[in-house]
Amino acid sequence: MGSALKNTKQRSAIMSALEQSPFPVTAEELAEKVCRAVPGIALSTIYRNLDRLCDAGQICRLVFEDGIARYETPGAVHGHYLICTGCSRKVRIEECPLSELSRKLEQETGFSVRGHNLQLYGLCPECRKSTEKK
């Protein structure tokens, strides 16, 4: 973890918006929420603060297959996602299917696993139905 950051109004608003979000959010999605608390905040300020918060270990950056960075707090429920390639809907996988594998690999290799990521891509029921109708 990095060093502690000064708690500014902007950082406080960013952290609050992240803590209230059920899913990882993009900087642009975050800007919409943060602008309510800090009117006129620039997107560049949000990006700069996101980078600093990531460097300090206060938030996590996730990059899905679309290449867009999304952010969440480390205190967020550890989750993996089913992601619809049609509408981008995300469904959190509640139980981590990699926990047991991580423990086994640590025992077998001596590695200390610090984290992992799993995203499964496909079509949600609504997109499947619309695809089948065509």
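Accessible areas here come from the Shrake-Rupley method with a 1.4 Å probe. By that method, the protein chain of this predicted model has an accessible surface of about 8,800 Å². Carbon and sulfur atoms own 52% of that surface.

Now take the chain as a whole. It has 134 residues, and buried residues make up 34% of them. The C-alpha trace spans about 50 × 45 × 20 Å along its principal axes. Five helices and five strands make up the list of elements. Read from the N terminus, their order is α-α-α-β-β-β-β-α-β-α. Contacts tell us how the chain folds back on itself. Take the contacts with a separation of 6 or more: 49% of them join residues 24 or more positions apart.

Start with helix H1. How far apart are its end C-alpha atoms? The answer is 17 Å. H1 has twelve residues, and at 1.5 Å a residue they should span 16 Å, so the two values agree. Which residues of H1 are buried? They are Arg 11, Ala 13, Ile 14, Met 15, Ala 17 and Leu 18. The cover over these buried residues includes H2, helix H3 (43-55) and strand S2 (69-72).

Lys 9 also belongs to helix H1. Is Lys 9 buried or exposed? Its relative accessibility is 59%, so Lys 9 counts as exposed. Lys 9 still has partners elsewhere in the chain. Leaving aside residues up to four places away in sequence, Lys 9 touches Ala 37 and Val 38. Ala 37 is 28 residues from Lys 9 along the chain, yet their C-alpha atoms are separated by 8.8 Å.

Next, look for aromatic rings. A pair of such rings is described by the distance of the centres and the angle of the planes. The structure holds one aromatic pair. Its members are Phe 23 and Tyr 81, with ring centres 6.1 Å apart. Their planes meet at 55 degrees, so the pair is tilted. Planes would have to be over 60 degrees apart to count as edge-to-face, and under 30 to count as stacked. Where do the two rings sit? Phe 23 lies in the loop between helix H1 (9-20) and helix H2 (27-37), while Tyr 81 lies in strand S3 (residues 80-84). The pair therefore ties together parts that are 58 residues apart in sequence. The two residues also have their own surroundings. Phe 23 is partly exposed, with a relative accessible area of 31%. Tyr 81 is buried, at 1%.

Move on to charged side chains. Side chains of opposite charge can pair when their charged atoms come close. How many salt bridges does the whole structure hold? A search finds six. One of them joins Arg 61 and Asp 51, whose closest N and O atoms are 2.8 Å apart. This pair links distant parts of the chain: Arg 61 is in strand S1 (residues 60-63) and Asp 51 is in helix H3, ten residues apart. Arg 61 is partly exposed, with a relative accessible area of 38%. Asp 51 is partly exposed too, at 35%.

Other salt bridges lie inside helices. An α-helix has 3.6 residues a turn, so residues three or four places apart point the same way. Arg 103 and Glu 100 form a salt bridge, with their closest N and O atoms 3.0 Å apart. They are three residues apart in helix H4 (residues 99-109), so about one helical turn separates them. Arg 103 is partly exposed at 45% relative accessibility. Glu 100 is exposed, with a relative accessible area of 53%.

Helix H5 (residues 125-133) has a pair of its own, Arg 128 and Glu 132, four residues apart. Again, about one helical turn lies between the two. The closest N and O atoms of this salt bridge are 3.9 Å apart. The cut-off for a salt bridge is 4 Å. Arg 128 is partly exposed, at 47% relative accessible area. Glu 132 is exposed, at 60%.

Finish on the surface. Which residues form a nonpolar patch there? They are Leu 82, Val 91 and Leu 120. Together the three have about 220 Å² of accessible area. Val 91 sits in strand S4 (residues 90-93). With 32% relative accessibility, Val 91 counts as partly exposed.

Key:
Residues numbered from 1 in each chain as written. Predicted model: local features only at pLDDT ≥ 70, side-chain atom pairs only at ≥ 80, totals over all residues. Heavy atoms only, no water. Phe/Tyr/Trp six-rings, centres within 6.5 Å; stacked < 30°, edge-to-face > 60°. Buried < 20%, exposed > 50% of the residue type's maximum accessible area, 1.4 Å probe, protein only. Patch = residues over 30% accessible without salt bridge, like charges linked within 9 Å, V, L, I, M, F, W, Y side chains within 5 Å. Salt bridge = Lys/Arg side-chain N within 4 Å of Asp/Glu carboxyl O. Expected span 1.5 Å × (residues − 1). Contact = heavy atoms within 4.5 Å.
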